[in-house]
Amino acid sequence: MRDRRTMPLGWDEAVDLERDPAVVPDPAEVEVPEALRASITAAMQRYPDRHSAVLPALAAAQKVHGWCSPEALRQVAAVMQVTPAYLSSLASYYDMLRTEPIGSRYVYVCTSVACHVRDARAVYEAIAQEARDQELEDVEVRNFECLGACDMAPMASVDGRYVGPLSEDDAHELVAAVKENREVLPGRGLGDEGFRLPWEDKA
Amino acid sequence: MTGQLKKLTANYDEPDLHRMEVYERLGGYGSARKAALDMTQEEVLDQLEASGLRGRGGAGFSMGKKASFIPEGTMEKYLCCNADESEPGAFKDRVLMQRNPHQLIEGCIIGAIAAQATRAFIFIRGEYETQAKMLDAAVTEAYEKGYLGSGIFGSQTDLELVVHRGQGAYICGEESALLDALEGKRGNPRLKPPFPANQGLYQGPTLINNVETLCNTPAIIEHGPEWFAAMGVDKSTGTKMVSVSGNVQRAGNFEVELGIPVREIIYGLAGGPPEGRDLKCFFPGGSSAPVLTKEHLDLPFTYEAMAEAGSMLGTASMIVVDDSQPIVPLALNLAGFYRHESCGKCVPCREGTNWTVHMLERIDQGDATPMDLEIMAEVQTNIIGNCLCVLGDSMAMPIGSMIKHFRGEFEQHIEAARAARDREHIRAFSAGELAAAGEAGPA
Ligand SMILES: Cc1cc2nc3c(=O)[nH]c(=O)nc-3n(C[C@H](O)[C@H](O)[C@H](O)COP(=O)(O)O)c2cc1C
Ligand code: FES
């Protein structure tokens with residue numbers, strides 16, 4: 001996999017200087033799924049300036065397409081009446097927007113400093129290894145920056161559900177559950193009924 | 001002072017606190033109603049300022065004073081609640097929003113009245129999916145009740161509130177980058193001045209406050225500024241959420257009175273390092289705060305004492321590191337974070353974070369000499385104060401502090417890694433693994 005930390009996307013691709021830049025698409029020419037159009041339009045109405053809706057719009061398009069594909073960008077561009085280049089400048093900036101079809105779901109494993117001192121690197125590597133061994137598909141597995149749950153370190157976010165504290169021994173079950181679309185580590189998710197950290201008094 | 005003092009989190013054991021009826025039954029929205037109906041904007045401002053409440057998002061600036069910088073005039077004004085919480089070690093806003101979303105909404109109403117804002121935004125980091133959903137549900141309830149929208153609480157005041165989700169970028173927590181992100185741009189910090197209070201969101205006057213700062217306002221309006229100022233010491237008034245993480249036995253959030261000894265937080269509340277381990281250092285205010293060591297354990301936990309010791313209270317996210325942790329990988333992890341999160345707009349930060357990572361990698365791989373330590377320390381000095389925002393400083397200060405406190409360990413690491421690398425080369429050379437002589441012989 002490309003090392004996303006060192007070089008920006010597209011650094012090794014030649015630019016086609018002959019091609020005209022993509023313009024604001026004609027709404028009549030772009031087909032947009034109705035639900036997506038409705039959610040983007042609603043987002044635009046929430047703000048005094050429609051550009052503010054661009055992150056919610058891209059997130060919604062990513063939900064539909066799995067990533068910010070050229071087609072996804074064209075659809076958002078058509079509804080919002082902005083250029084695709086503007087959208088791709090954002091998609092490549094924000095960590096949660098995907099510029100490659102890596103997977104429509106995600107497992108983010110935190111390896112930032114508070115998790116680091118609790119062996120997060122080993123947990124991440126175990127999960128990444130399991131994902132390869134179990135041939136997990138359509139899921140983006142990556143190490144991530146602090147997810148704001150250092151109390152449950154080391155931890156991971158599975159499609160927004162925070163689970164932890166994790167150990168290397170959890171890797172197999174975590175990946176299997178993601179693969180089989182089961183709930184991951186029931187009872188160990190933040191927000192689960194009666195969730196307590198191991199050292200907190202049981203209610 | 002010992003133990004917790006639960007004011008902000010007083011009702012956290014109440015089941016279903018996140019629901020309007022429960023929050024209201026416990027007196028919720030009383031302060032916002034009072035501020036909207038019975039108080040003038042100046043009175044609200046005065047009370048906030050008199051309470052001594054300081055920003056809980058990092059810089060520790062007086063909230064009332066910042067709100068008073070908002071100019072008069074008919075232009076549209078804005079309130080932005082900073083719920084981006086992405087600093088390694090920080091996880092207090094998560095709990096405040098998840099357990100008691102209405103308290104934050106009430107705080108936003110009071111903050112908006114103080115700033116005469118008619119539009120408010122809560123900028124929440126994208127990774128907080130659960131919390132965003134809970135806030136959305138709470139906002140809907142507040143609209144239904146008429147506490148948000150036009151003529152809030154039946155007054156002449158209007159207030160629209162939108163929960164805006166980020167998409168993953170630490171820099172969007174920096175206030176001017178947050179504004180750019182909210183305007184639909186890449187989250188790059190702006191050159192200041194103009195400050196957001198004068199020209200912020202959509203060029204309008206904007207008050208930006210952290211979640212915890214705003215959450216404190218309802219109780220100040222309810223009990224009065226004297227009540228709040230009576231807690232804490234000197235210019236550090238009130239209680240503070242402290243997030244303790246890292247090598248401790250009981251990580252978690254604790255609400256304490258400011259001025260409590262640091263030892264009481266790390267050892268009393270969080271149980272100290274695991275059995276058989278000793279404290280090596282700690283970050284008192286998130287990963288951006290210079291590290292402190294054992295000698296600082298008996299300091300009172302206040303903005304002033306942390307600054308005097310050469311660090312900062314910041315977000316009061318205490319990351320504890322025990323003696324099992326070597327310093328170089330820790331520094332490398334930290335620098336790697338800031339390199340990843342640097343937006344790249346200004347040179348000292350973009351290059352400084354990158355080169356710091358490179359130099360730490362050299363140290364770790366045995367390619368460095370003790371002189372590199374000087375160069376690295378100098379790079380940090382050249383970052384501090386020279387960037388558009390303090391993201392660069394946020395790496396330079398803790399890295400600088402690590403070199404200062406643990407120089408001996410850095411030097412040992414340099415020597416040990418060099419010796420290991422040389423041994424490996426000699427072994428490979430003798431085993432005939434190196435193809436051509438001179439390709440990578442021992443230095
Ligand atoms: C790189 C960087 C990241 C920041 N992240 C946050 C954050 O996540 N949350 C926050 O409240 N403040 C953050 N801040 C501080 C804000 O710029 C700002 O000072 C704060 O939101 C003001 O609110 P307060 O006065 O209530 O503390 C950050 C600052 C910098 C330089
Ligand atoms: S460092 Fe891992 S969640 Fe904060």
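This is a predicted model: local features need pLDDT of at least 70, side-chain atom pairs count only at pLDDT 80 or more; totals for chains, interfaces and linings use all residues.

Biologist: Is Asp234(B) buried or exposed?

Modeller: Asp234(B) is another non-glycine with a positive phi, about 45 degrees. You'll find Asp234(B) in chain B, in the loop between β5 (232-233) and β6 (236-237). The cut-off for exposed is over 50% relative accessible area. Asp234(B) has 71%, so the word is exposed.

Biologist: And Glu145(A), is that buried or exposed?

Modeller: Glu145(A) sits in chain A, in the loop between β2 (139-144) and β3 (156-158). Buried means under 20% relative accessible area. The relative accessibility of Glu145(A) is 8%, so Glu145(A) is buried.

Biologist: Which side chain makes a polar contact with the side chain of Glu145(A)?

Modeller: For a polar contact, we want a pair of N or O atoms within 3.5 Å. Glu145(A) has such a side-chain partner at 3.5 Å. The partner is Ser112(A).

Biologist: How is α15(B) set relative to α17(B): parallel, antiparallel, perpendicular or oblique?

Modeller: Two packed helices are described by the angle between their axes and the distance between the axes. For α15 (residues 370-383) and α17 (residues 407-430) of chain B, the axes come within 9 Å and cross at roughly 130 degrees. That angle makes α15(B) and α17(B) oblique.

Biologist: How many charged residues are in the contact of α15(B) with α17(B)?

Modeller: From α15(B) come Pro370(B), Leu373(B), Glu374(B) and Met376(B), and they meet Arg407(B), Phe410(B), Glu411(B), Ile414(B) and Glu415(B) of α17(B). Sorted by type, there are five nonpolar residues and no polar ones, and the charged count is four.

Biologist: Last one: what is omega for the peptide bond from Gly164(A) to Pro165(A)?

Modeller: Most peptide bonds are trans. Pro165(A), in the loop between β4 (161-163) and α7 (171-179) of chain A, is joined to Gly164(A) by a cis one. Its omega is near -10 degrees.

Methods: Residues are numbered from 1 along each chain as its sequence is written. Chains are lettered from A and ligands numbered from 1 in the order in which they are written. Side-chain values use heavy atoms; hydrogens and water are left out. Helices (H or I, at least four residues) and strands (E, at least two) are DSSP runs, numbered from the N terminus. Buried means under 20% relative accessible area, exposed over 50%, partly exposed in between (1.4 Å probe, protein chains only). A polar contact is a pair of N or O atoms within 3.5 Å; within protein, one must be able to donate a hydrogen and the other to accept it, and residues adjacent in sequence count only if both atoms are side-chain atoms. Axes are lines fitted to C-alpha atoms, for helices over the stretch in contact, and angles run from 0 to 180 degrees between N-to-C directions. Angles under 35 degrees count as roughly parallel, over 145 as roughly antiparallel, 65 to 115 as roughly perpendicular and the rest as oblique. Contact means heavy atoms within 4.5 Å. Ala, Val, Leu, Ile, Met, Phe, Trp, Tyr, Cys and Pro count as nonpolar, Asp, Glu, Lys and Arg as charged, and the others, Gly among them, as polar.
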